[in-house]
Amino acid sequence: MYPEYMMESIKKVEKTRPHRLEIVKKYGKQVFPAMSEKERDEILNKYHPDYKTEARREVRVGPNKGEKLTTKVADMLESHSRIDPKMFDLEKVDHETDVMVIGAGSAGMASAITAANNGSDVLIVTKLRLGDSNSMMAQGGIQAADQDDDSPSIHYLDVIGGGHFDNKPKLVEALVKDGPKSIQWLENLGVMFDKNPNGSMSVKPGGGTSRSRMHSTRDYTGAGICRVLRDEVYNKPDKIKYIEYTAIVELILNKKGHAVGAVAYHLDTKQYSIVKAKSIIIATGGFGRLHVGGFETTNHYGATADGLMLAYRAGANLLYMDSVQYHPTGAVFPEQIVGFLCTEKIRTLGAQPLNKNGELFVYPLEPRDIEASSFIRETINGMGIETPSGLKGIWLDSPLIEKIEGDGTIEKTLPAMLRQFSRFDIDIRKYPMLVYPTLHYQNGGIEINQKAETKIKGLYVAGEASGGVHGRNRLMGNSQLDIIVFGRRAGLNASKRAKGKVAFGKFSLEHVNKYEKEVSKLKIDKNKIAPVILPDYIPDHVKKRQMTSEFYGTLS
Amino acid sequence: MSKIREMVNVFIMGEANEVPAGSTIIMAFEYAGYQLKKGIGCREGFCGACATIYREKGDYKLKGGLACQTVVTDGMSLVQIPFVPAEKPIYNMDEITPDINTIKELFPTVFRCVSCNTCTKACPQDIQVMDYVQALKRGDIARTANLSFDCIRCGLCALRCPSEIVQYNAATLARRLYGKYLAKKSPELEKSVNEIEKGKYDKELAELAKMDRKKLTEKYYSREIKLK
């Protein structure tokens, strides 16, 4: 429960609630003026964490050398490999397959199912379990322009405007055009979308959308999709094999520079193995667990940008890795759930962000970077609410939802949120939630084209690990769509390539040696290695006592 | 863990460890020096990878919970369950029907339920597990799908079940059957898929893809906003 001094502020929220409800009844979703182009630019420049001077720096190695990237990303890219290529006999292949998929979130599993359905043998390699991913944690929804008042063109405009017009047009085109078809594909696999009694989709708006096109499965949308894909993978034991608790630590190229395999590492038994594949799909997700900017994150334990490192070392290009998504509403109270996602769906259902006086200060459905910046502005101006542990946040007035939509709405549409807070004795039907921006999504990533191909032959990327489709800011619900659209495209194209004649040639890790030379010149600490694989939350006083080689770097 | 605070004793996999009060079980593991590789996942209660069996001081009961959502208490004793070695039948969704025959064939153990309610008590999501097992026995796929919706597949129900039922796998099948066969189809969805396939928006999209930034910006900021 909230301490007494916070309850004082909550009383103010309760006092302004009837008037705010009147405004909703009069104006619908337009309860506050949306920002103009100029206002958006101003607030981003002044308050978005990406625009601080220390947020970016030039990367000194690899294909994007000389480009300013997010500091934490540049730090990771300037790391040593986990392996010494000399120690590996690449002729001794342990696993051979048509299509290898690295990572087992929804993008990876959608690509595996698609490749298998197209007749290819698939091997999924994942460092945790099948389905352990950010995909599983997504709550709010998946966009698709399937309503009568909507169209892929309108969706296109929302995506590219939300991304500050930096998005790759061809990728956006693919995303919006495949939208409805992706929903249909998922429903045929047995995903239970929220529907109206006549069977039509129950859709909501999202931040930065001009139509209501957010499809959902309660507030378990990611799980609603991901657990179905996982069950489907389990159902194809003849076509899809999988290896869990195994990280890929380097790609293997041939003399022509085509991707032909990978070096795998088992997290517990510490054994390395060699995988040979005609096509390789990277679906390793994003970088939340690198805690960019020192922020808490909504991300899965495994979100350490491994695929980014693998592809970059092998020579792939990165796009927009200077841009980070902070989700406006991460929990800041109670302490046990700091950084956890409070889904955007809470705002799409009508909850409003309020300052300590219970005043609404921003249109609740701006694109995420704008909304997050306005929250930061409010707290910098002393209008936030401080928690007992010294964090600052603003109120998200969840009780307003039931005033607008009726009693029982929260239990029906936000069961995960209701459960999350009630575990810590806060009933979000009665009391607002305290929130602050939290590190949520990697806007950029490995450059791909419409076929999910990279510039490295045989290497495909799908989902958060890829870059370009969302420009420099992703809208709610477009990630769930992205992973299905490009997961399926990657699966199909990787499978098509595997069906043709693939000349493997001689296997090589020479690119690792070459990269290592560049890193050595910078005199980087030898314990700084990547891919990171898992974050490390062991406290310093314990860390000091852990002196075996196992605890050098983040993981041996 | 920013402030100095009271410490509690917790028995992690049998070993006594002092950890800060208010820690979740995952935080306790990490404070004690573990970089977990198994029995850990999303850390936010959505993935079911961190099922825990624990007992509190002075209590004889073994309780189930999620390590990322359960706060430690002084004298707590706990063990992580990274996965449950339960049976998972293989099926082709295109070849099965949404009725009791499918349940009989794929999950015959469901009919052994003795209504002891242990599964419901074990569920960290407070799902009425026994109720949906009863629904499943009647072939009520829709009720099973609805009641089991918030399942994160941690496996604690199956682990405690005296009748060896794999509730969470049966529920997964029920939800897929409901989504695929029983939910009413959306007329708009089919219409929009057909329109897109026939190329209705190809020209518009090609024009947008070619449009320069200035024109696109104008078009974006002047677009009509119609929210339901």
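## A covered helix in chain A

The buried residues of helix H10 of chain A are A:Asp306, A:Gly307, A:Leu308, A:Met309, A:Leu310, A:Ala311, A:Tyr312 and A:Arg313. That makes the helix, residues 306-313, mostly covered, with 8 of its 8 residues buried. Just after H10(A) comes A:Gly315, which takes a positive phi of about 110 degrees. Keep in mind that this is a predicted model.

Some residues of this stretch also turn up around A:Ile282. Setting aside neighbours within four places in sequence, A:Ile282 is in contact with A:Gly307, A:Leu310 and A:Ala311, among others.

## The nonpolar core

Which residues touch the most other members of the largest nonpolar core? They are A:Ile280, A:Ile281 and A:Ile282. This core has 227 residues. Helix H16 of chain A, residues 478-499, gives the largest share, with 8 residues.

## A strand with two faces

In a regular strand, side chains alternate between the two faces of the sheet. Strand S7 of chain A, residues 240-243, has a covered face and an uncovered one. A:Ile240 and A:Tyr242 are on the covered face. A:Lys241 and A:Ile243 are on the uncovered face.

S7(A) has a partner. Strand S4 of chain A, residues 122-125, pairs with S7(A) in the parallel sense over 4 bridges. In S7(A), A:Tyr242 is the bridge partner of A:Ile124.

## Chain A as a whole

Chain A holds 18 helices and 20 strands. Its radius of gyration is 23 Å, close to the 24 Å that the globule rule gives for 556 residues, so chain A is as compact as a globular protein of that length. The C-alpha atoms fill a box of roughly 70 × 55 × 40 Å along the principal axes.

How much of chain A counts as buried? The figure is 61% of its 556 residues. Now take the contacts in chain A with a separation of 6 or more. Residues 24 or more positions apart account for 75% of them.

## Two domains in chain A

Chain A is divided into domain 1 (4-31 + 327-439) and domain 2 (85-323 + 443-507). Their centres, taken over C-alpha atoms, are 31 Å apart. The contact takes 25 residues from domain 1 and 25 residues from domain 2.

Several elements give two or more residues to the domain 1 side of this contact. Among them are strand S12 (324-331), helix H12 (368-380) and strand S16 (433-442) of chain A. By class, that side has 11 nonpolar, 7 polar and 7 charged residues.

## Two domains in chain B

Chain B has domain 1 (7-81) and domain 2 (93-182) by its domain assignment. Here 28 Å separate the two centres, taken over C-alpha atoms. In this chain, 9 residues of domain 1 are in contact with 8 residues of domain 2.

Strand S4 of chain B, residues 63-66, gives the most to the domain 1 side, with 3 residues. That side has 5 nonpolar, 4 polar and no charged residues.

## Where the chains meet

How many residues of chain B are in contact with chain A? There are 67, and they are in contact with 78 residues of chain A. Helices of chain B that give two or more residues include H1 (25-32), H8 (187-197), H9 (202-210) and H10 (213-221). H7(B) provides the largest share of the chain B side, 7 residues. By class, that side divides into 30 nonpolar, 15 polar and 22 charged residues.

Key:
Residues numbered from 1 in each chain as written. Chains lettered and ligands numbered in written order. Predicted model: local features only at pLDDT ≥ 70, side-chain atom pairs only at ≥ 80, totals over all residues. Domains from an automatic or database assignment. Contact = placed C-beta atoms within 7 Å. Nonpolar A, V, L, I, M, F, W, Y, C, P; charged D, E, K, R; others polar. Core = buried A, V, L, I, M, F, W, Y, C linked by C-beta atoms within 7 Å. Buried ≥ 20, exposed ≤ 12 C-beta atoms within 10 Å, placed from the backbone. Pairing = 2+ DSSP bridges. Rg over C-alpha atoms; globule rule 2.2 N^0.38 Å.
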